[in-house]
Amino acid sequence: MSSKPKMDAETGKTDQANQASVSVWERIVSIEAAESREYFSRELLVWYDRSKRDLPWRRHRDPYFIWVSEIMLQQTRVDTVIPYFHRFIERFPTIRDLAEALQEDVVKMWEGLGYYSRARNLQAAAQQIVELHDGEMPSEREHVFALKGVGPYTAGAILSIAFNQPEPAVDGNVMRVLSRYFLIEDDIAKPKTRIGMEKIIPGLIPEGRASDFNQALMELGALICTPKSPHCLICPVMEHCRGRIEGMERELPIKTKAKKPRPEQRLAILLEGSGEHEGRVLVRRRPKTGLLASMWEIPHVAAAGEDLGVDVAQLEELLEDRGLVWSPMTAYMTAEHTFSHIHWTMKVLIAREQPEVLAQLAAESGVPYKVAVPESALEPELRFDAEDSGEEWRWVSREDMREIAFPNLFSHILNTYFADEETRAK
């Protein structure tokens, strides 16, 4: 007959439960785990010194270059970032150049990377640095944390990589590596898990190697300790990896699933210009705040999805309010794009501007018909403000697209259209 588990009077838990509830962080920093920690740090750096990738921002310790690269690498693959990094640094070689640039130019150079608030925050922080630090990236922790768009990870990356300070820089790669090596079964989606990892990392960093150590951690997660298929047999720290030893390397890290993006149906119009607008299409600028702030797009409306006629009527009203007349709308294409919290399915219709109809209406009524109000002296026939809404609209050609920023979804739609037009013209 088995004996009843012993209960601890103070905690009200069994001895077994008490042992299981000992903090994983206490276990990692314990004296017993010293050999494992030392092995991890030593072998990780040996591997990194031998195998690190030659990346453009690693060729020097310029804090500005490191900062730009870290912002670009958020949610974006290294191979994708490299050409953007080169173009961005060529256009804005110093913090002061970035601070003094037009925001439109900054966002345009970011076009295609997504998460455009990163670009706007980067410029806002550059302006802070010019104003408060004479254009030089600060090396003090509190000053770096005070920069717009800089959170714990980015601050840690700047301080450690650029200034070799023993600060933690915990991103997804790092959390995955630590979860597996130290057998951390806490949910990495919870802030307390990230905070726990931030606390143990300084104790893992060998003296004078903070820059290399944090980059090595990220590199191991990106190349070896990958999300779905970790390459354990060639991992430099496999010998003491508790996740591998326990056969849990594919189960770790533990992470609660994020909510699926909310689906939204949109109906858009690709309005071809005619007459003085020939070869152009109508676009508008988005509001200065919110999703895709200040970027350009083709006109679109939220669609109910049940009655296309109602949705088309919304689109027609949008154009009528801007003094436009067009040919019958026909289906052109369907495009999709996923943001962090929304998934757009956009049905695109196509029609052609008919200014001759306006001229006929004006002749019949005897009243001149005003199509648009010029926004500025620059190309007044191509730009106008909607008088009531204050929105900015314009007619653009394919060449114009090189100068103004479009989100990926609308770049795809417009590039498809202009490519089709070029094919038809041959």
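**Figure 1. Helices lining the largest pocket of the predicted model.** Helices H5 (78-91), H10 (152-162), H11 (172-181), H12 (191-204) and H13 (210-223) each contribute at least two residues to the lining of the largest pocket. Helices (H or I, at least four residues) and strands (E, at least two) are DSSP runs numbered from the N terminus. H13 provides the largest share of this lining, 6 residues. The pocket holds about 1,700 Å³ of space. Of its 46 lining residues, Leu-73, Gln-75, Asp-171, Gly-172 and Asn-173 are the closest to the centre. By class, the lining comprises 20 nonpolar, 11 polar and 15 charged residues. A pocket is an open set of points on a 1 Å grid over the protein atoms alone, where a 1.4 Å probe fits, with protein on both sides within 12 Å along at least five of seven lines; lining residues have an atom within 4 Å of a point. Volume is the space filled by probe spheres set on the points, which are joined across faces, edges and corners. Ala, Val, Leu, Ile, Met, Phe, Trp, Tyr, Cys and Pro count as nonpolar, Asp, Glu, Lys and Arg as charged, and the others, Gly among them, as polar.

The model is predicted: local features need pLDDT of at least 70 and side-chain atom pairs pLDDT 80 or more, whereas totals for chains, interfaces and linings use all residues. Residues are numbered from 1 along each chain as its sequence is written, and side-chain values use heavy atoms, without hydrogens and water.

Figure 2. Asn-214 counts as buried because its relative accessibility is 1%; buried denotes under 20% relative accessible area (1.4 Å probe, protein chains only). Leaving aside residues up to four places away in sequence, Asn-214 touches Gly-156, Ser-160, Glu-167, Pro-168, Ala-169, Ile-201 and Ile-205. Contact requires heavy atoms within 4.5 Å.

**Figure 3. The second largest pocket, between two domains.** This pocket contains about 360 Å³ of space. Gly-114, Tyr-115, Tyr-116, Leu-292 and Phe-339 are the closest to its centre among 16 lining residues. Helix H8 and strand E5 (330-338) each supply at least two lining residues. The pocket lies between domain 1 (15-245) and domain 2 (262-425) because both give residues to its lining; the domain bounds come from an automatic or database assignment.

**Figure 4. Helix H8 and its cover.** Among the buried residues of H8 are Arg-118, Leu-122, Ala-126 and Ile-129. Their cover includes helices H4 (63-72), H5, H6 (95-100) and H7 (103-110). Just after H8, Asp-134 adopts a positive phi of about 55°.

Notes: Buried < 20%, exposed > 50% of the residue type's maximum accessible area, 1.4 Å probe, protein only.
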